[in-house]
Amino acid sequence: MGGNLELVRAIYEATERGDFSDAAWADPEIDYVFVDGPEPSAFRGRAGLVEAMRQTLPAWDRFETHVDEYRELDSERVLVLLHSGGRGKTSGVELGALRHHGAQVVHVWDGKVTKIAVYYDPDRALADLGLEE
């Protein structure tokens, strides 16, 4: 297992536990991009990463993600296939019942995450990467 894969795994294991206390892994100019989904958008820098979370998380009483698979694509990118669950604050709908799956492409350079591309549609991520299954 490569160093980038180990770094990405450690980041996602911490977030699965609800630990968002350490962002030392993030490059100061990190790009956090929602490629598809209800509101494609992009955020820059650690402050942008925090803002993206502030915009996303308040809609949920409870929100959690669980990694299904990590794939080291090359020396700079790791594909993370995951599924999400939670309960919407307004609707009360349990997301887990919808079996929402997604993907994230994590770019790492010199031990820091420089970009996270978030895909609501994992098939689109695979297509964009030329990995259609």
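**Figure 1. Strands β1 and β2 pair in the antiparallel sense over 4 bridges.** Strand β2 covers residues 41-44. Two strands count as paired if DSSP finds at least two bridges between them. Helices (H or I, at least four residues) and strands (E, at least two) are DSSP runs, numbered from the N terminus. The bridge partner of Asp31 in β2 is Arg44. The hairpin of β1 and β2 has 6 residues between the strands. In this hairpin, Gly37 takes a positive phi near 95 degrees. β1 also pairs with β6, in the parallel sense and over 5 bridges. In β6, Val113 is the bridge partner of Ala26.

The model is predicted: local features need pLDDT of at least 70, side-chain atom pairs count only at pLDDT 80 or more, and totals for chains, interfaces and linings use all residues. Residues are numbered from 1 along each chain as its sequence is written, and side-chain values use heavy atoms, with hydrogens and water left out.

**Figure 2. The whole chain has 3 helices and 6 strands.** Along the sequence, the pattern reads α-β-β-α-β-β-β-β-α. The chain has 133 residues, and 35% of them count as buried. Buried means under 20% relative accessible area, exposed over 50%, and partly exposed in between (1.4 Å probe, protein chains only). The chain exposes about 7700 Å². Carbon and sulfur atoms supply 50% of that area. Accessible areas come from the Shrake-Rupley method with a 1.4 Å probe; for residues, only the protein chains shown count as cover. Take the contacts between residues at least 6 apart in sequence: 50% join residues at least 24 apart. Contact means heavy atoms within 4.5 Å.

Confidence is given as pLDDT, the predictor's confidence in each residue, from 0 to 100. The chain has a mean pLDDT of 86, and 83% of its residues reach 70 or more. Confidence is lowest in strand β3 (residues 60-72), at a mean of 82. It is highest in strand β6 (residues 112-119), at 97.

**Figure 3. Helix α1 runs over residues 3-16.** The helix has 14 residues, which at 1.5 Å a residue should span 20 Å. The expected span is 1.5 Å times one less than the number of residues. The end C-alpha atoms of α1 are 20 Å apart, which agrees. An α-helix has 3.6 residues a turn, so residues three or four places apart point the same way. In α1, the buried residues are Asn4, Leu5, Val8, Ile11, Tyr12 and Ala14. Gly18 follows α1 and has a positive phi, near 85 degrees.

**Figure 4. Asn4 lies in helix α1.** Asn4 is buried, with a relative accessible area of 16%. Neighbours within four places in sequence are left aside here. Beyond them, Asn4 is in contact with Glu72, Ser75, Glu76, Val78 and Val108.

**Figure 5. The whole structure holds 4 aromatic pairs.** Rings of Phe, Tyr and Trp (its six-membered ring) pair if their centres lie within 6.5 Å; planes under 30 degrees apart count as stacked, over 60 as edge-to-face and the rest as tilted. The ring centres of Tyr12 and Tyr70 are 6.5 Å apart and the planes stand at 80 degrees, so this pair is edge-to-face. Tyr12 lies in helix α1 and Tyr70 in strand β3, so the pair ties together parts 58 residues apart in sequence. Tyr12 and Tyr70 are both buried.

The rings of Phe34 and Tyr120 have centres 6.3 Å apart and planes at 35 degrees, so this pair is tilted. Phe34 is in strand β1 (residues 26-34), while Tyr120 is in the loop between β6 and α3 (122-128). The two residues are 86 residues apart, and the pair links distant parts of the chain. Phe34 is buried, at 9% relative accessible area. Tyr120 is partly exposed, at 32%. Ring pairs link Tyr32, Phe34, Phe43 and Tyr120 into a cluster.

**Figure 6. Leu81 sits in strand β4 (residues 77-88).** Leu81 is buried, with a relative accessible area of 14%. Leu81 and Leu126 are 45 residues apart in sequence. In space, their C-alpha atoms are 10.0 Å apart.

**Figure 7. Asp110 has a positive phi of about 55 degrees although it is not a glycine.** Most residues other than glycine have a negative phi. Asp110 is placed in the loop between β5 (100-109) and β6. Asp110 is exposed, with a relative accessible area of 73%.
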